[in-house]
Amino acid sequence: MNTTRRLLAAAAATMLACAPLATLAQDIKPRLIRFGYGLNEQSNQGRAVKVFADAVEKASGGKMKVRAIGAAALGPDTQMQQALIGGAQEMMVGSTATLVGITKEMALWDTPFLVNSVKEADAVLDGPIGQKVMAKLPEKGLVGLVYWENGFRNLTNSKHPVSKLEDLNGIKLRVMQNNVFLESFKTLGANAVPLPFSELFSALETGTVDGQENPFNTILSSKFYEVQKYLSVTNHVYSPWIVLVSKKWWDGLSKTEQKILQDAASASRDFERKDTRDEAGRALADLKAKGMQINELTPAESARMRDRLTRVNASIAANVGMDLWNETQAELTKIRGG
Ligand code: TF8
């Protein structure tokens with residue numbers, strides 16, 4: 001082979017090797033993704049958004065850029081959901097509880113004591129039930145990619161330790177903007193007040209409300225310990241977060257771009273769950289060190305609270321539909337090895 005032919009052959013080989021990449025590159029357009037979330041950058045939510053953003057940029061060769069906008073700077077969950085539906089914002093992560101006004105089946109995740117462990121939570125959320133609930137989103141203008149862990153919720157307040165049901169009487173308690181949470185805490189005797197998360201710290205600080213409930217991670221990252229003295233370990237419900245995309249925008253993406261987002265979302269989920277669990281394991285000691293007074297509920301008091309909360313189950317079942325409710329119970333029995 002002469003030099004020219006050798007060079008041509010080498011060039012052809014290079015082109016062949018690059019062919020899949022070349023097709024791929026054409027499939028990826030420069031995109032700016034405004035990704036909103038409610039907690040601050042230092043939270044488990046903020047850290048996982050960063051992981052997602054990096055994964056998307058890397059997989060797209062820097063063409064798809066994620067602008068992460070935290071601390072509810074784009075508005076509380078409900079406002080961002082509407083912006084996604086309208087196409088004014090591309091992505092967000094937020095509570096499934098605030099989505100119930102749009103997709104009623106999401107209320108399933110508000111069921112008190114639905115799951116007993118994070119293992120059960122993962123199994124039900126990533127399994128057929130979780131997928132079925134997520135599949136209700138597109139008809140409302142949203143696409144769900146993955147569930148992240150917000151976590152088991154615990155109760156804080158500034159009045160007195162809550163160690164039994166009666167201690168909740170008259171406590172002004174902020175709840176998420178969600179009927180199940182409202183009903184649950186009214187049932188427990190609290191004076192439940194729905195407020196967006198973005199207004200919570202100042203509501204606690206000014207005494208507009210006495211208490212709130214959230215996972216240890218959030219009590220720590222949102223510095224609620226500065227304005228709350230008492231923490232009761234109630235674990236009354238497991239809250240997921242959900243990563244959402246505007247369907248209007250999603251439908252204009254290539255298959256390659258959609259896959260980049262889905263893969264990055266899955267990677268961020270795996271990171272987020274591990275990171276959240278690590279932090280939750282340390283958070284209680286941190287909160288104690290910050291001056292919070294922490295109490296566990298006796299098994300008897302825990303059982304009383306649990307029993308009382310089953311009163312809301314009938315209305316959740318009616319809302320999400322009896323079929324879905326029964327399928328979920330059957331799935332949980334299966335997960336538990338029954
Ligand atoms: C709450 C939720 C929050 C979420 C977050 C802002 O109490 O637990 O973590 O809504 O996305 O509002």
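Trainee: How much space lies in the second largest cavity?
Mentor: This is a predicted model: local features need pLDDT of at least 70, side-chain atom pairs need 80 or more, and totals for chains, interfaces and linings use all residues. Residues are numbered from 1 along each chain, and side-chain values use heavy atoms, without hydrogens or water. A cavity is a set of points on a 1 Å grid over the protein atoms alone where a 1.4 Å probe fits but cannot get out. Counting the space filled by probe spheres set on the points, the second largest cavity holds about 90 Å³.

Trainee: Which helix gives the most to the lining of the second largest cavity?
Mentor: Lining residues have an atom within 4 Å of a cavity point. Among them here are Trp 109, Ala 121, Val 124, Leu 125 and Tyr 238. Helix 4 (118-126) and strand 10 (238-246), both DSSP runs (helix: H or I, at least four residues; strand: E, at least two), each supply at least two lining residues. With three residues, the top contributor is helix 4.

Trainee: How many charged residues are in the lining of the second largest cavity?
Mentor: Asp, Glu, Lys and Arg count as charged; Ala, Val, Leu, Ile, Met, Phe, Trp, Tyr, Cys and Pro as nonpolar; the others as polar. This lining has eleven nonpolar residues and one polar residue.

Trainee: What takes up the space of the largest cavity?
Mentor: The search of the whole structure finds four cavities of 30 Å³ or more. The largest has about 240 Å³ of space. Its lining has 21 residues, with Asp 77, Ser 95, Arg 174, Phe 197 and Trp 241 nearest its centre. That space is taken by the ligand.

Trainee: Which helix and strand each supply at least two residues of the lining of the largest cavity?
Mentor: By class, this lining has seven nonpolar, eleven polar and three charged residues. The elements that each supply at least two of its residues are helix 3 (77-86) and strand 3 (91-95).

Trainee: How many residues surround the ligand?
Mentor: A residue counts if one of its heavy atoms lies within 4 Å. Asp 77, Asn 150, Arg 153, Arg 174 and Asn 214 are the closest. The shell has four nonpolar, six polar and three charged residues. The total is 13.

Trainee: How far is the polar side-chain atom of Asn 214 from an oxygen atom of the ligand?
Mentor: A polar contact is a pair of N or O atoms within 3.5 Å. Arg 174 has a side-chain N or O atom 2.7 Å from a ligand oxygen. For Trp 241 the distance is 3.4 Å. For Asn 214 it is 2.6 Å.

Conventions: Polar contact = N/O pair within 3.5 Å; in protein donor to acceptor, adjacent residues only side chain to side chain. 1 Å grid on protein atoms, 1.4 Å probe; cavity = no way out; pocket = protein on both sides within 12 Å on 5 of 7 lines; lining within 4 Å. Sits in = over half its atoms within 2 Å of the grid points.
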